[in-house]
Amino acid sequence: MHPLFITIGNLDSEVRSKATLRAWRCIAYMPIAKFRVHPDYQSILQARLWHKCVDLVCANLKIATKNGCFMPDPSRYIRYVFTPLIAHVCDLPEATMIATVSKNASPITMATQANFGDGVLYPPRTGQHTLRLIYEISQEADPWDLDKFQKAAKAVHLSGVHMPYWRDWMFACPSVFLTGEVLHTCIKFFADHLLNWIKETVGKPELDARFMVQHKRVGTRHFTKGVTHVNQMTGREHRDIQRTIVASIAGVAPPRFICAIRALVEFIYLSQNPVHSPDSLQSMAQALSDFHVFKDAIVDAEARRGKKGVKEDFFIPKLELLQSFGGTVERLGTLMQFSADMTERLLITHCKHLFGRTNRRSTDFTEQCVRILNRQESMELFNLYALFYSRGASLVNAICMEDEEVTTVNPALSWVSRVLPDEAHSVHGPRPVRNHFLKGILSGDAHTAFHLTSTPDFKALTPIAIETKYSLVNFNRALSQFINQLSLLTGEHTRWDYKYGRFCVWNKFRLQLHSAFQPRVIMPSRVIQAYPPSDAFPLGNCDAVLINVMDDDGQSTSRVAQVRLIFQLKIPGTSDLVLPTFLSGPLLYVQFFHFVTNPSDRPELAMWTVERTYTMDQHGRRCRCGGVISLMDVTHAVELIPEYGNKVDAKISSATCLESYDRFFLNSFADKESYHTFSTEFA
């Protein structure tokens, strides 16, 4: 059996995207029948049975769409409502079955197999057109004369289903309610096609090596064993591969081949925007157009292969579906609200997990599942009721003004946190993002929040100890220059002598930003590491950041730097010394990079390239250029991917990656927020 779920569109899309918030309801378990007929008729009968079941289950919804019905809202007011079918979330085989078309035709447009690689948006395959074809075929052949009816249907690219469930659902049209689905149409498409093309072009050993030596960042998946040895991955793993795939193949794949891959990755990123504008839709269309311009490089590299060898066509159904994404956004809104991530998770919680809680007999498995789900929901509602009743709180969730900053999408948690804040821990579901803007260190413009633990990793290190432990030979000179420059700039001076001072030192800090798409939304914080050399990391484990500093002309400019030390001056409690403002907060010792190329210089990558900045010390030796800055000068966490060249050096590992190379790509695909920032704001 296969569960069928339903939700309503006036719920917030963020609420609908969380399985534990129960915004979806299982309304039926669809039978998976095996008919005693010739195999040629098995699929058509199964499809007809599925449509009949949905027809019965949704009968009242169809009536309500046409005539309306009365329903109570959460405030107990009676509303006169209508229930049109807005979207049916499904993968490509299900979409083909729902639209009642054959496998060699698009379920959304009039395109057929020969048109899938054209890069052209064909007219929509409307429900009226499909019903008219079914009617014309029914006039010539009995729908239950399967052999004759199926042959006539396939001649016009139909599957043979004669009574689709949406036929009498007012306003329902498959070309509209079959929305662009990101998980299967984009993420799975990337894994099934793009990743395989890259494996053929780059070679599996080299591709694995490039992923294995990448620098490890907290909160980001690192592929310790490479990416080619696993045949089955989750959507999350495919997304993690997408993050670095474009920069990783630079130098080993042909430039036009990289252009084609980058264009599709850009399209996938843009399609997942939580907010769209005419400019973003134009960028989506341009990215898809760019792929079709450069796709011949994939054929030239003999990267597209089938069972019979090299293929020179792009008859890929999912590639054709991408053409309809822009229209879906214009009609129904952002695509992520229709992603199958949610329904795939519900399939596990409402079917697979329940199996272990039943007697495992197929005769009454469905009834047992329904009983378990009903009890589970009843217990959750009773627990919430008992919590409020026992504390004498109102049982009505009054609508309050929206918070200025959003950290959670869990309505129950928001309610309990507002009325009974001490009981917030008892609510199950997605936890709120910790808001460091409340108690953390804020940047000058209050757009960035920083968090350091109250207890440093080292409480009192001397300058000599820092130079020795962190291998920072010019730390003293850099700190002296920082003090002198800021003293001249601010007019504040100090009697404190850094040579005899003590420093609190941390190995990491957290950086938190608001969403680049929705400024009210607070994003999860990112960890920035600055660990000293150790056995596991012989050259240290330090992350890169984007900082705002003053250039020689006194203008604010952005630079990339690697954080080597996080420290703060420690003043004895018995001392009456007052530090100037620029020394009273946390400081960073960083090593600088400078930009060597911009995105237009490497159009196949469209990324900035940075290179380590070196200088000459007093002994005439070449050393890295470093300096001391304020923690609040940091604006973003960034990811650097080495410019590997034709082949990865076998002596380099992920522990020494950032220290062994001098030239790096500033990865704009590190995450969707970074991509939006580098595409629209950073220059």
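Reply: Of its 14 lining residues, the closest to the centre are Ser471, Leu472, Arg564, Gln591 and Arg624. Strands β16 (587-597) and β19 (622-624) are the elements that each give two or more residues to this lining. By type, the lining has 8 nonpolar, 3 polar and 3 charged residues, with Gly counted as polar.

This is a predicted model, where local features need pLDDT of at least 70, side-chain atom pairs count only at pLDDT 80 or more, and totals for chains, interfaces and linings use all residues. Residues are numbered from 1 along each chain, and side-chain values use heavy atoms, without hydrogens or water.

A pocket here is an open set of points on a 1 Å grid where a 1.4 Å probe fits, with protein on both sides within 12 Å along at least five of seven lines; lining residues have an atom within 4 Å of a point. Helices (H or I, at least four residues) and strands (E, at least two) are DSSP runs.

Now for the helix, α15 (residues 325-332). Phe325, Thr328 and Val329 are buried there (under 20% relative accessible area, 1.4 Å probe). They share one side of α15 because they cover an arc of only 100° around the axis, taken from the directions to the C-beta atoms. These buried residues pack against α8 (182-202), α11 (255-271), α12 (278-294) and α14 (317-321), with contact meaning heavy atoms within 4.5 Å. Just after α15, Gly333 takes a positive phi of about 105°.

Technical notes. Buried < 20%, exposed > 50% of the residue type's maximum accessible area, 1.4 Å probe, protein only.
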